[in-house]
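Here is a friendly walk through one protein model, with an eye on its pockets, its charged pairs and one of its helices. Keep the structure open beside the text as you read.

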Amino acid sequence: MKVFHSVAEAGRALIGRALALGNFDGVHVGHQALFAEARRHAPPAAFTFNPHPGKVLQPDLAPKLITLLPRRLELLASLGLEATVVQSFSRDYARTVPADFEATLFDALGVAHVVVGSDFTYGAARAGTVDTLREAAGRRGAKVHVVAPVTVDGVVASSSRVREYILEGRVSAACRLLGRPFDLDGMVVAGAGRGRTIGFPTANVDTQNELRPAPGVYAIRVRLVGGESVGTWYGGAANIGIKPTFGGTEVTIEAHLLDFAGDLYGRELRVEFLERLRPEQRFGSVAELTGQIKRDVEAARTVIARTGA
Ligand SMILES: Cc1cc2nc3c(=O)[nH]c(=O)nc-3n(C[C@H](O)[C@H](O)[C@H](O)COP(=O)(O)O)c2cc1C
Ligand SMILES: Nc1ncnc2c1ncn2[C@@H]1O[C@H](COP(=O)(O)OP(=O)(O)O)[C@@H](O)[C@H]1O
């Protein structure tokens, strides 16, 4: 997938294409429906903003992102989009009037089809609507396709709903709306070195991702992202929390990989959250904790076998 960091850089590359518009945080099943619709009309491409407009316009209220830009682009590429335009979003850009945004799409980029969700608005004060977009397209012989909200088990797929689920630790519910497990990438850093001594070494994952699941114990899949054995998957059990048994105060994300022995320090991992197993607890002794971790690992094996990981 080609990534253009401005409309000027895209030049004539998107002429006649079907362009899906949105922030696409999380690239959930609703977003995926937009790309599927685009594909029905012409070679598909996406137009998205970075930073997220909320971060620029209301930094204090801005949500934690499900996907940082590199992951968002990776997902868009995996869905078969030919190109994505990443429009840099600023307070200045936010003043773009609807007619100028329309000119960007249909005159500068020259796309033949635009695909949006039914609640799409654009331009300063969100004055542009699906109706004004349709008129602007019609005047140039282009078409607008509006995709109805996608629901899963009666829940409308939305980035804000996915964020809510993740923050509540409801990672299997998030998975249904994302169409894949929620994941985060991070580097393995050193911890207190206690894991090995209790029989469950854990990779401490230092992530840049803004959103993390609520504290608790999870069944996970882990993929090595860079270096040796890239792409290999391991099942695992993760703890997100402060390790109250040891009087910890800082929240860490640690992953015990099943059937793995080796050195992970300095490696990059992708951790996929499959299912929440239980809340984090304070145990009266290390023996009680390790007894419980054994049971967690067995529970994780069952989940992983069921999800076909
Ligand atoms: C599956 C799993 C579940 C865990 N559950 C808890 C827990 O409920 N309470 C707790 O205090 N620590 C829990 N831990 C964290 C362990 O205390 C931690 O892995 C161990 O102390 C090693 O820490 P270190 O990496 O800082 O050396 C869990 C770890 C794993 C892998
Ligand atoms: N099955 C495994 N799962 C996770 N890490 C493992 C595993 N086997 C070996 N390791 C290694 O052990 C390290 C964790 O050991 P641990 O004693 O918990 O130390 P630390 O507290 O520094 O993370 C990992 O970073 C990794 O290099």
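A salt bridge here is a side-chain nitrogen of Lys or Arg within 4 Å of a carboxyl oxygen of Asp or Glu. This is a predicted model, and by that criterion the structure holds 20 salt bridges. Side chains of opposite charge can pair when their charged atoms come close.

**Charged pairs**

| Pair | Closest N and O atoms |
|---|---|
| Glu210 and Lys55 | 2.9 Å |
| Arg221 and Glu272 | 3.0 Å |
| Arg306 and Glu275 | 3.2 Å |

Let us start with Glu210 and Lys55, whose closest N and O atoms are 2.9 Å apart.

Next comes the salt bridge of Arg221 with Glu272, at 3.0 Å. It links distant parts of the chain, since Arg221 is in strand β11 and Glu272 in strand β14 (residues 268-278), 51 residues apart. Is Glu272 buried or exposed? Glu272 counts as buried because its relative accessibility is 8%, and buried means under 20%.

Arg306 counts as exposed, at 55% relative accessibility, whereas Glu275, at 23%, counts as partly exposed.

Salt bridges also form a network, which links Arg71, Glu74, Asp183, Asp185 and Arg270.

**Pockets**

How much space lies in the largest pocket? The volume comes to about 1,200 Å³. Its lining is made of 43 residues, and those nearest the centre are Gly22, Asn23, Phe120, Thr121 and Arg126. Two or more lining residues come from each of α2 (29-41), α3 (53-57) and α7 (159-167). By residue class, the lining of the largest pocket has 23 nonpolar, 16 polar and four charged members.

The second largest pocket holds about 720 Å³ of space. Its lining counts 39 residues, with Gly195, Phe200, Pro201, Thr202 and Glu254 nearest the centre. At least two lining residues each are supplied by β10 (203-207), β12 (233-241), β13 (252-257) and α9 (286-306). In this second lining, 21 residues are nonpolar, ten are polar and eight are charged.

Finally, have a look at helix α6 (residues 130-139), where Val130, Leu133, Ala136 and Ala137 are buried. Why do these residues lie on the same side of α6? They cover an arc of only 125° around the axis, which puts them there together. An α-helix has 3.6 residues a turn, so residues three or four places apart point the same way. Asp131 and Arg139, on the other side of α6, are exposed.

What do the buried residues of α6 pack against? Their partners are α5 (98-109), β5 (113-117) and β6 (143-147). After α6 comes Gly141, which has a positive phi near 75°.

Key: Residues numbered from 1 in each chain as written. Chains lettered and ligands numbered in written order. Predicted model: local features only at pLDDT ≥ 70, side-chain atom pairs only at ≥ 80, totals over all residues. Heavy atoms only, no water. 1 Å grid on protein atoms, 1.4 Å probe; cavity = no way out; pocket = protein on both sides within 12 Å on 5 of 7 lines; lining within 4 Å. Points joined across faces, edges and corners; volume = space filled by probe spheres on them. Helix = DSSP H or I, 4+ residues; strand = E, 2+ residues; numbered from the N terminus. Nonpolar A, V, L, I, M, F, W, Y, C, P; charged D, E, K, R; others polar. Buried < 20%, exposed > 50% of the residue type's maximum accessible area, 1.4 Å probe, protein only. Arc of directions from axis to C-beta. Contact = heavy atoms within 4.5 Å.
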